Amino acid sequence: MTKTRSLVTALAVVFLLGSCLVLAQQNPAPHPNMNFFVTSGPIGDGGNLGGLAGADAHCRTLAAAVGAGNRTWHAYLSTQDRPGQPAINARDRIGSGPWYSQKGEMIARDLAHLHGDTHELARLGNNLNKLTGLTEKGETVPGLYDYADPRDNDWEYVKTTPYSNRHEMLTGTQPDGRAFTGTDLDYTCDNWTSNKDPDPATQGPRGGGLGAAPGRPNAQIGFPDRNGGGNGSWNSSHGTRGCSQAALPRTHGVGMFYCFAIN
Amino acid sequence: MTKLNAYGAVFCVSLLACCLALAQQGQPGAQPNQQGRGAPPADQGRGGGGRGGRGPGSHNQMSFFVTSVGMGKGGDLGGPAGADAHCQKLATVVGAGNKTWRAYLSTQARPGQAAVNARDRIGTGPWYNFGFAQLGQPQNAVISQNLGELHGDTLVQAQRGSNLFKQSARTEYGQVIRGVGDLPPVQHDILTGSQTDGRAFTDNADHTCNNWTSSGAGSAQVGHSDRIGNMNASWNSSHATTGCSQEALVSTGGAGLFYCFAVN
């Protein structure tokens with residue numbers, strides 16, 4: 001009898017210890033209201049996300065991994081109008097809000113608050129910031145000053161240092177949340193299918209600079225921490241130096257993006 | 001029985017260990033990327049190494065700062081003139097007294113007295129903070145190129161915002177103001193008395209602690225130097241204070257600090 005009780009106790013201890021260890025390794029579960037997050041990692045092929053569908057799937061996979069797979073997740077990305085293909089606005093893909101962070105803090109009440117649709121709303125701004133622009137795991141996104149290192153422009157370094165600056169979110173979007181239209185210039189890495197860089201032969205050794213220009217693969221980006229680019233835009237601050245995975249870190253991004261649940 | 005006690009002890013110890021392990025999890029500071037948060041302001045900015053530091057001439061470029069200290073009497077700044085003098089004094093201490101400094105404060109219309117808009121007092125820019133030389137990141141030293149960008153005069157400018165944010169809104173010493181998520185006391189409520197467009201309020205309510213002369217009754221409009229709080233990101237017009245005493249300012253995360261701009 002004593003032997004059995006001892007055995008049971010021992011088993012219980014081992015089991016409890018084990019489950020505690022497992023729990024301790026996990027990040028805190030998302031707040032049940034979470035319907036917004038920043039992807040904790042990139043897809044990994046630069047601006048080629050496999051189109052909107054590929055990006056949505058990435059959102060879904062990450063959400064499911066933290067137990068939030070019951071919602072319908074969409075990436076906050078626009079696509080440009082191309083022959084036989086109308087533009088798609090990021091703001092039209094994300095439902096109507098309100099949206100809450102991984103910790104349950106509201107980032108915006110509705111689309112107008114999120115984007116600043118009236119002049120007063122725009123001047124006030126929304127509640128997306130360094131403390132609310134969290135990944136699905138609840139991590140803050142490393143930005144300027146967090147871990148300043150000259151090597152944080154180098155993908156080979158950045159990919160092994162998760163704490164180095166990576167605050168640029170792909171959006172392909174104008175400040176109002178809409179696509180760039182009526183232009184041949186690239187703001188979306190060819191509608192999120194391209195991992196190409198500017199051709200050094202035509203654009204010069206440094207790729208010809210930053211942002212959209214003829215013959216230059218590029219994506220528009222914004223900052224969840226609202227720091228950088230000479231403005232604080234969360235969705236449309238500036239462009240990239242190319243669309244390859246190695247090009248994105250040159251301006252402090254790695255190809256992460258925003259995910260919103262429409263329900 | 002002794003054996004059972006031993007198991008019990010192991011059980012307790014393991015439970016305790018579990019709790020400790022779990023307790024470490026939820027802390028926001030657990031990641032190694034939090035240099036900008038929680039650290040006392042003195043750790044940042046000051047003595048920023050060889051490129052600038054506190055040597056002679058290091059403040060030549062500075063044309064914007066947040067006052068490192070308030071005037072101590074809540075919303076009573078001795079009127080805009082008293083506030084301007086405070087700006088000038090603090091600038092002089094760090095060797096930037098050769099410029100003409102103005103506090104970013106509006107005053108409201110009163111009988112025989114026209115309103116004054118904060119935006120009309122600060123020159124035309126561009127304005128630079130004292131982060132310029134220290135951090136070697138010139139792009140983040142520019143608070144704003146001009147009045148339009150600073151206040152978002154066009155819709156797109158307003159949607160984008162200016163370059164005034166937590167890490168660029170520094171004191172005359174180059175310190176960052178404690179904001180949401182930092183160790184207390186949070187001091188991010190910055191007196192402005194202004195609307196989001198940088199202009200004075202035109203209603204009859206008090207938004208300026210009686211044109212910066214009251215340390216008791218009244219209220220002042222404040223912005224957030226870290227652009228976090230009250231569900232908006234406004235640097236100059238986020239919410240009203242609950243009163244004009246120093247205690248009232250402190251109670252909502254302020255210290256009676258204000259923005260200073262050089263007009264030349």
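Predicted model: local features only at pLDDT ≥ 70, side-chain atom pairs only at ≥ 80, totals over all residues.
Residues are numbered from 1 along each chain as its sequence is written, chains are lettered from A and ligands numbered from 1 in the order in which they are written. Local features need pLDDT of at least 70, side-chain atom pairs count only at pLDDT 80 or more, and totals for chains, interfaces and linings use all residues, while side-chain values use heavy atoms, with hydrogens and water left out.

A salt bridge here is a side-chain nitrogen of Lys or Arg within 4 Å of a carboxyl oxygen of Asp or Glu. The whole structure holds 12 of them over all chains.

Select Lys159(A) and Glu156(A): their closest N and O atoms are 3.1 Å apart, a salt bridge. Lys159(A) is partly exposed at 46% relative accessible area, and Glu156(A) is partly exposed at 48%. (Buried means under 20% relative accessible area, exposed over 50%, partly exposed in between, with a 1.4 Å probe and protein chains only.)

Next, select Asp84(B) and Arg121(B), a salt bridge with 2.7 Å between the closest N and O atoms. Asp84(B) lies in helix H2 (residues 79–93) and Arg121(B) in the loop between strand E2 (101–103) and strand E3 (127–128) of chain B, so the pair ties together parts 37 residues apart in sequence. Helices (H or I, at least four residues) and strands (E, at least two) are DSSP runs, numbered from the N terminus. Asp84(B) is buried at 12% relative accessibility, and Arg121(B) is buried at 15%.

Then go to Lys166(B) and Asp182(B), which form a salt bridge (2.8 Å, N to O). Both residues are buried.

Finally, select Arg123(A), Arg119(B) and Asp153(B), joined into one network by salt bridges that share partners.
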